[in-house]
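Trainee: I would like to learn how to read a protein model step by step, beginning with the overall fold and ending with single residues. Could you guide me through one?

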Amino acid sequence: MPANKPDSKKLYIIEDDPDVACVLEMLAKLEGFQAVHFSTCDEALEALRTEETIPCMILADYRVSGLAVEEFAEQVRDQPTHLVLVSAVTGVAEKAHELGISHWLKKPFDVDDFVALLHKLKLRCESNSTTDR
């Protein structure tokens with residue numbers, strides 16, 4: 001998969017719970033981001049392969065059907081995007097670390113923490129810094 005230029009205002013949300021996805025999308029859009037929701041990692045991977053610009057960040061729920069997040073993380077490792085692991089499971093930080101993912105959100109999370117992370121990663125994307133993905 002070729003590495004495309006990331007759009008600092010674009011993010012993917014991989015979430016199989018439509019209510020959670022709706023809230024994340026709404027919050028992101030209120031902050032000026034273009035949020036695109038996918039129910040599976042497979043759908044998001046296909047979009048990464050076909051879209052001209054890729055998202056600055058991808059929020060991926062740890063437990064979605066289809067392609068496992070572990071495999072998804074491996075396939076997007078060379079892309080200039082920030083992957084954020086989102087999960088309610090105990091040990092989400094450790095799981096993110098195992099997958100080489102620097103950012104995670106433990107459900108339920110504080111809205112202010114979510115918004116702060118969006119803006120932090122947007123700034124890193126704009127400065128082309130994806131060294132801590």
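**Reading the fold, then the residues**

Mentor: Let us begin with the order of elements, keeping in mind that this is a predicted model. Followed from the N terminus, the elements of the protein chain run β-α-β-α-β-α-β-α-β-α, and in total there are five helices and five strands.

Trainee: What does the radius of gyration of the protein chain agree with?

Mentor: The idea is to set the value beside the one that a compact globule of equal length would have. For 133 residues such a globule would have a radius of gyration near 14 Å, and because the protein chain has 13 Å, the two agree. Along its principal axes, the C-alpha trace spans about 35 × 30 × 25 Å.

Trainee: How much of the protein chain is buried, and how much of its accessible surface belongs to carbon and sulfur atoms?

Mentor: Buried residues make up 47% of the 133 residues. The accessible surface comes to about 6,600 Å², and 51% of that area belongs to carbon and sulfur atoms.

Trainee: Is aspartate 16 buried or partly exposed, and what does it touch?

Mentor: Aspartate 16 lies in the loop between strand S1 (6-14) and helix H1 (18-30), and at 37% relative accessibility it counts as partly exposed. Leaving aside residues up to four places away in sequence, aspartate 16 touches Ser39, Asp61, Arg63, Val64 and Ser65. Sequence distance and spatial distance should be read separately: aspartate 16 and serine 39 are 23 residues apart along the chain, while their C-alpha atoms are separated by 4.6 Å.

Trainee: Where is glutamate 70 found, and how far is its C-alpha atom from that of glutamate 94?

Mentor: Glutamate 70 is found in helix H3 (residues 69-76) and is partly exposed at 30% relative accessibility. Its C-alpha atom and that of glutamate 94, which comes 24 residues apart from it along the chain, are separated by 13 Å. Once residues up to four places away in sequence are set aside, glutamate 70 touches Tyr62, Lys95 and Leu99. Valine 111 and glutamate 70 are 41 residues apart in sequence and 26 Å apart in space, C-alpha to C-alpha; valine 111 itself belongs to helix H5 and is partly exposed, with a relative accessible area of 40%.

Trainee: Which peptide bond is cis, and where is proline 108 found?

Mentor: One looks at the omega angle, and the bond from lysine 107 to proline 108 is cis, with omega near -10°. Proline 108 is found in the loop between strand S5 (103-106) and helix H5 (111-126).

Terms used. Residues are numbered from 1 along each chain as its sequence is written. This is a predicted model: local features need pLDDT of at least 70, side-chain atom pairs count only at pLDDT 80 or more; totals for chains, interfaces and linings use all residues. Side-chain values use heavy atoms; hydrogens and water are left out. Helices (H or I, at least four residues) and strands (E, at least two) are DSSP runs, numbered from the N terminus. The radius of gyration is taken over C-alpha atoms; the globule rule is 2.2 Å times the number of residues to the power 0.38. Buried means under 20% relative accessible area, exposed over 50%, partly exposed in between (1.4 Å probe, protein chains only). Accessible areas come from the Shrake-Rupley method with a 1.4 Å probe; for residues, only the protein chains shown count as cover. Contact means heavy atoms within 4.5 Å.
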